[in-house]
Structures are given as structure tokens and as C-alpha cells.
Amino acid sequence: MVRSLKLQINGTPYNVNVEPERSLLSILRDELGLTGSKYGCGEGQCGACSVLVDGRPVRACITPVTVTEGKQITTVEGLEKDGRLHPLQEAFIVIGAMQCGYCIPGMIISAVGLLRKNPNPTEPEIRRFMEGNLCRCGTYPRIVAAIRQAAQAQRGSGP
Amino acid sequence: MKAFEYASPTTKEQAVSLLGNQWGETEILAGGTDLLSLMKEYLSTPKRVVNVKEIKEFQGIRYSPGAGLRLGALVTLEELMDHAAVKKEYPALAQAAEGVRSQQIRNSGTVGGDLCQRPRCWYFRNGFGYFPKGEGGEDLVINGENQYHAILGNSGPAYFVNPSSLAPALIALNAKIRLFGAQGWREVEAEQFFVTPKSEGEREYVLKPREILGEILVPPAKGIKSATYEVRQKEALDWPLAAASVALKINGTGVKEARLVLGHVAPVPWRCQEAETVLAGKSGEESIAEAAQVALKGAKPLSKNGYKVQLARVALKRAILQAAQGGA
């Protein structure tokens, strides 16, 4: 049975008519054209689909869209503020943290979750926290370096 | 995924009235980290999904030194792991929650869902059920890939291991699980919540099809030191190969009383009562080694999982040492 839902995505309200079995990821990508969040494994293992729900990273591929009504959803498209990239996005570009790039939106979303909880993480803390995101190209060392750089930049520019 | 009817009740009474009489007819949705995977694989094809996340009564953590800890079933694993009183008073529980891997899963996954998640046995997850059989009727686990299966409580026909991360800690801490149904609340000891199914129509817990796991009560931990230790193949994702949660009442330098529970070694969380008596009234590392020997005395490994016997011993010894040395 199709339901009418009101979603808040990146600060913008959307009305969608959806079947309850649809995942948040499929609505983002296939209905709303927000293709930044990626479909990886589809079963909550790889982290490519990570989005923020009320500020916390979750896996959009195993999140039914119906339970996200009334919550603040943030995708990688929503991190840019006033035409400026998020410090994590800047750092990923400067360090060259991506090879194929498919995992990167999920990586950045998870890293936003990390820096929210811990603004000054050590390298082991970064590795531990980011374990829910897989990179098949194996650019992990640069991803860790980018997160460290972004953490430093964020602390430098105030809270 | 098969289409389903979706309901999102706001009271526990409404929720129960929406549940079916048979397992599988309806499913309870909380975090969804297990249910959605099962539904995507058509291992679960409910006619109706009942979202319980809007039931306020099942949310929240309450702690007081006198009454102990009350966990709503909807508390997320991340909330549990970060809770100051849980970390200080019940380290075994906080450590077990942290063992559930990836922050994304901990942010969605709930305490009730961890306890009710279905077996991770790869035959089960590929549609062969609890008791996988080949075309000639042969037992696929006994003759096949049993490296992650049970080493205790495995006289058959079930060989899967209970996947819950929190269960061993809750049993060690002597928790009670409260279930809500049409007749109201009923309470079971955490240890009695889990059962080994004897037929495919059963589940791995005493919860009935028209009941909801609502809350968990953990008694005050005054004078109790607790810890969880997991042995893992890798740090990221995945479930532990063997785990142990222990709660010790320490008297001076000796152990006055112990509750020792192994995880991922049997179809249910495995309480080691004989080993508990070995540890009680003693101090020193020899008694810890002896307790670990006694705990695994009855282990009957399958063709490919003999290594788990030693891993379980190690998990138990390290959990005891960690508890004895830890704060609280």
C-alpha cells in the first residue's frame, strides 16, 4: 500500500508517495535524484550507502524509508555550506584519498559522525570508528590522513 | 523484498494486537539491521511489519544505585555503549555493545534486536533453515563447513551458535527480560530467555509470536566487577569467534562468587556453572586456568571447529582477568 511521507533531506522538505518496503537509499537515489549515497552490497555490510539520520551515521540500504519520517536526513550532498565544501570533503580532495571514489561519500558521512563524537581522534580511534566502511581500492592510509587533516582544520576554525 | 503492510503503533497494546499468531506472519521492526537483511533475501516474508520504534515506553535508560539499571528494548547499542553509568557500573555490558561492529549498525541496532536476531549460521542465511540437510538427507553442518558452529550444546539437531553480543553479559549480570503480550507483562531470567529449537517452526527464544520484548532489568552491581572479552578473526565487522562475559563478587583478593557465560559457542549463551564453583573462594591465576579448563570440559568440536575450544578458554580467562583488574 502506497503511503505519503514527508521527508526532511539536507534541510529541504520532500513529499514522496512510496511503498513501505522501499529503503531510504532507493528513495534518495531513484525518486529524488540524490545519487551521492551509493548502493554497494545492499545488506548493511559495506557502508557505501551511509547517511546521517539526526546526525548519526546509519546504513540507508537497510533503513526502511517509513521510519525516517520526521527525522533530519543528511546526505553527502548536504554537507556543503554556502558554496563551501565541508572540511572533510576539502581534506579528501587535497590528500587525494580516492581512487575509484565509490566508497567516498559513505566514508565522509561516517567521518562526520566520528568528528561529531570525537573532534580530535587518534589514528587507532579513526581506524576503529571507520571500520564499518569498506574501500575495495584500499586507499585506507590516505582516508585516515584526510580525516586527521580535516579534524585539525575543524578545530582550527572553531566549534 | 516481498510487499507488506506497514503499521507503526504508538502504544504497546496496539502493537501486540497487530501481531499474528504464527511466527513469520508478522515481524517486529526496531532497528531493522537484521530484519531488513532477512527480508531482502526472502528468508522472512511477513504479511505485516509492525514498527515498534514509536512506542515511548520501550525507550530510554534509567539507572539508580538502589534499583539498578532499566534498559528499554529500543535503546540503541551506541547509546548503551556511551552511557556513563553503564560504562562505570556494568562494564561487561558496555564492552559487549562496543563489540557490535560498525557505528552505523550500533546507531540503528537496538538492545531488543540484538537479543532477538536470528542465527548467523551461513546455512540458515542461505535458506536451509536450522537443520540443513542435503539432497540425500545428510546433515550439511556435520559433513560440511562447520568452522563457526557450536562446540557445546551441540548434540543436535541444532549446531548454530547464538549470535547475541549482549546476552552473555546480561546473563552474567543476572538480568531479567520483560515481555509484553495480550495478558500483560511477564518476566524471565535472561538465562531462561534462550532455547535451542527442536523444529523449524520454533524460534531461539521463549518470546511468543504475539509478545514484544519491552525492557530489561539489571540488578545493582555494587561490589561486582564485570567484563566481556571477545576473540575475533578481524577487528572490523563480523561476529566474534568466541566470547566470554563474567561478573565477579570480589572479597579482598579472592573471588566470592562468579557468573561466567560464553557466547558464540552453543545454540544458546552458555553458562559455565561448574567453572563458577571452581573460581569461588579462590584467588590467583591457577584457579582462573582451572576454571577455563572445567568450562570447556564438555566441548565436542565438529570436524572443522576444534580451534574454538582453545579460543573459548582464552576468552574466559581474559574476561576474568579484565574484570578482576578493572574498576567499578
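A:Lys117 and B:Asp82 form a salt bridge in this predicted model, with the closest N and O atoms 2.6 Å apart. The term salt bridge denotes a side-chain nitrogen of Lys or Arg within 4 Å of a carboxyl oxygen of Asp or Glu. A:Lys117 lies in helix H3 (residues 104-117) of chain A and B:Asp82 in helix H3 (residues 77-82) of chain B, so the pair joins two chains. Helices (H or I, at least four residues) and strands (E, at least two) are DSSP runs, numbered from the N terminus. A:Lys117 is partly exposed, with a relative accessible area of 35%, and B:Asp82 is likewise partly exposed, at 31%. On this scale, buried means under 20% relative accessible area, exposed over 50%, and partly exposed in between (1.4 Å probe, protein chains only).

Residues are numbered from 1 along each chain as its sequence is written, and chains are lettered from A and ligands numbered from 1 in the order in which they are written. Because the model is predicted, local features need pLDDT of at least 70 and side-chain atom pairs count only at pLDDT 80 or more, while totals for chains, interfaces and linings use all residues; side-chain values use heavy atoms, with hydrogens and water left out.

**Salt bridges**

A:Lys117 also pairs with B:Glu78, with closest N and O atoms 2.5 Å apart. A:Lys117, B:Glu78, B:Asp82 and B:Arg106 are linked in a network of salt bridges. Over all chains, the whole structure holds 30 salt bridges. Side chains of opposite charge can pair when their charged atoms come close. Four examples are tabulated below.

| Salt bridge | N to O distance |
|---|---|
| A:Lys117 and B:Asp82 | 2.6 Å |
| A:Lys117 and B:Glu78 | 2.5 Å |
| A:Arg22 and A:Glu31 | 2.8 Å |
| B:Lys12 and B:Glu57 | 3.1 Å |

In the pair formed with A:Arg22, A:Glu31 is partly exposed, with a relative accessible area of 44%. In chain B, the side chains of B:Lys12 and B:Glu57 meet in a salt bridge. B:Lys12 lies in helix H1 (residues 12-17) of chain B and B:Glu57 in the loop between strand S3 (48-51) and strand S4 (61-64) of chain B, so the pair ties together parts that are 45 residues apart in sequence. B:Lys12 counts as buried, at 8% relative accessibility, whereas B:Glu57 is partly exposed, with a relative accessible area of 42%.

**The interface of chain B and chain A**

The size of an interface is often given as the accessible area lost when the parts come together. Between chain B and chain A, the buried area is about 2400 Å², of which carbon and sulfur atoms give 49%. Buried area is the accessible area (1.4 Å probe) that two parts lose on being put together, summed over both. B:Tyr6, B:Gln103 and B:Gln104 lose the most area on the chain B side, together 27% of what that side buries. The contact (heavy atoms within 4.5 Å) takes 28 residues from chain B and 27 residues from chain A.

Four salt bridges are counted between the two chains. There are also 12 residue pairs in polar contact across this interface (both at pLDDT 80 or more). A polar contact is a pair of N or O atoms within 3.5 Å; within protein, one must be able to donate a hydrogen and the other to accept it, and residues adjacent in sequence count only if both atoms are side-chain atoms. The elements that give two or more residues to the chain B side are helix H2 (35-40), H3 and helix H6 (103-108) of chain B. H6(B) gives the most, with six residues. By class, the chain B side has 10 nonpolar, nine polar and nine charged residues. Here Ala, Val, Leu, Ile, Met, Phe, Trp, Tyr, Cys and Pro count as nonpolar, Asp, Glu, Lys and Arg as charged, and the others, Gly among them, as polar.

**The two domains of chain A**

Chain A is assigned domain 1 (3-78) and domain 2 (87-155), with bounds from an automatic or database domain assignment. Their contact takes 19 residues from domain 1 and 12 residues from domain 2. The C-alpha centres of the two domains lie 21 Å apart. The area buried between them is about 1200 Å², of which carbon and sulfur atoms give 60%. A:Lys38, A:Cys46 and A:Val76 supply 33% of the area that domain 1 buries against domain 2, more than any other three residues. The count between the domains is zero salt bridges, but four residue pairs are in polar contact (both at pLDDT 80 or more).
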